Amino acid sequence: MSKQDGSSRQVTTGPVDDSATPILHVDMDAFFVSVELLSRPELRGKPVLVGGTAGRGVVSAASYEARRFGVNSAMPMSVALRRCPNAIVLRGDYASYASYSKQVMQIFESITPRVEKLSIDEAFLDVSGARRLHGSPAEIGWTIRERVRAETGLTCSVGIAATKYVAKVASGRAKPDGLLVVPAADTIAFLHPLPISALWGVGKVTEESLARLGLRTIGDVADMPADALERAVGPALTTRLRSLAAGEDPRRVVTGREEKSIGHESTFSHDLVEPDDIRRELLRLSDDVAVRLRRAGLVARTVSLKLRYGDFRTLTRSRTLAEPTDVGRRIYDEAAAALAGLIGDGARVRLIGVRAEQLRPAGGGAMLWDPDEDWREAERAVDEVTARFGRGAVRPAALVRAKRTTASAGPGAGESVEREDDGRTVDVRSEVIRRLRDGD
């Protein structure tokens, strides 16, 4: 049975003690699908999927009717259609989703400034300071649901509890279109009968490890001796799982979230085998990561590579830089070095990703020597071109055509940034900078 398909729905229907439950988790119901149904009401009650259909497209969202067939988001579309052959697949309108998300978040912020946006369709709210104006947490939850429905035509589910973790679990149990309050005094009674998969941090592998110990519910985890649990999952995860099983979660609602990492990854429509093709994609992803770093005013100290083969084996490799960077060429060089030895000899690559980690604000101190000075200046110039003419106006030559222009034998080394202009290829590391400075 698919998760959150509504089959185990649990809601609050009468008076309840919410005096010590100031945390709300509000989660939109099948958000992408629900937005689509606003303009396609004839599809209501039918299994609907949003996502890509070509090649290795994945499910971005599934209606509750589709979830009852075992379809989940992030599932390959081919698998979803085998499970639910009658599903109606929509391509999706992400600009529309962003617009509705903005409306919903504005409703939250009109009630309390203490809103922590988790994603496009969910957020935590701390309503401790909103009671005098808007009522009890349960009353606020009802108000939010009514306003979201009235102002957008969408539905949401609300979990209300003493901690963020329990509130999030509660909103999942209330789906779809429900509200569940977990009184602080009833936290243990609420959590312990639930399956261990309801614990944050328990994925498939950890769940299997716990199942081998005979653990099926959160209560089983709470009752398990700590030393036995440590032997199965290690001391760090043991400490966290036991705390969550006791309903403990000291985290507060944080209104300004700092990005801990910035990354991009790509799943290919067919496996890549040729090293040059793989490195070319790595270069594109590295450039995208660098652009986001510069826009955010951040630099990264660590570059992480993710590689998934055709047989779904997944590897990650990380490299720490001597100096933090926001330069795409440096990110690419480090990722390419991590890639060495992982491709070739017929190895088929399904997915590749690049992530910048250990972020900090740019301009934290001058370096004695900047090995990336030329590339840094060129990439910032390209940022200005992009601001004027849009993405793709200037790109590394390797992304324009398959031919590589190299000055040395290393893979991808020495590639110049180029553009094609009436059949001519122009080196823009100097040309773009010159034109910008001259006001061309």
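A crossing of two helices is called left-handed if the near helix is turned anticlockwise from the far one by less than a right angle, and right-handed if clockwise. Keep that handy for the exercises below.

This is a predicted model, where local features need pLDDT of at least 70, side-chain atom pairs count only at pLDDT 80 or more, and totals for chains, interfaces and linings use all residues. Residues are numbered from 1 along each chain as its sequence is written, and side-chain values use heavy atoms, with hydrogens and water left out.

**Exercise 1. Describe how helices H13 and H14 pack, and say which crossing they make.**

Step 1: find the helices. Helices (H or I, at least four residues) and strands (E, at least two) are DSSP runs, numbered from the N terminus. H13 covers residues 275-296 and H14 covers residues 328-339.

Step 2: get the geometry. Axes are lines fitted to C-alpha atoms, for helices over the stretch in contact, and angles run from 0 to 180 degrees between N-to-C directions. For H13 and H14 the angle is about 140°, and the axes are 8 Å apart.

Step 3: name the arrangement. Angles under 35 degrees count as roughly parallel, over 145 as roughly antiparallel, 65 to 115 as roughly perpendicular and the rest as oblique. So H13 and H14 are oblique to each other, and H13 passes H14 in a right-handed crossing.

Step 4: look at who touches whom, with contact meaning heavy atoms within 4.5 Å. Among the residues that meet are Ile278, Leu282 and Val289 in H13, and Tyr332, Ala335 and Leu339 in H14. Sorted by class, this contact has 11 nonpolar, two polar and three charged residues. (Ala, Val, Leu, Ile, Met, Phe, Trp, Tyr, Cys and Pro count as nonpolar, Asp, Glu, Lys and Arg as charged, and the others, Gly among them, as polar.)

**Exercise 2. Which kinds of aromatic pair do Phe31 and Phe32 form?**

Step 1: learn the rule. Rings of Phe, Tyr and Trp (its six-membered ring) pair if their centres lie within 6.5 Å; planes under 30 degrees apart count as stacked, over 60 as edge-to-face and the rest as tilted. The count comes to six aromatic pairs.

Step 2: Phe31 pairs with Tyr97 in a tilted way, at 6.4 Å centre to centre and 55° between the planes. Phe31 sits in H1 (residues 31-39) and Tyr97 in H4 (residues 94-111), 66 residues apart.

Step 3: Phe32 and Tyr94 are edge-to-face, with 5.6 Å between centres and 90° between planes.

Step 4: check burial. Buried means under 20% relative accessible area, exposed over 50%, partly exposed in between (1.4 Å probe, protein chains only). Phe31 and Tyr97 are both buried. Phe32 counts as buried because its relative accessibility is 14%, while Tyr94, at 42%, is partly exposed.

**Exercise 3. Is Thr316 buried or exposed?**

Step 1: Thr316 lies in strand E11 (residues 314-325).

Step 2: its relative accessible area is 53%, so Thr316 is exposed.
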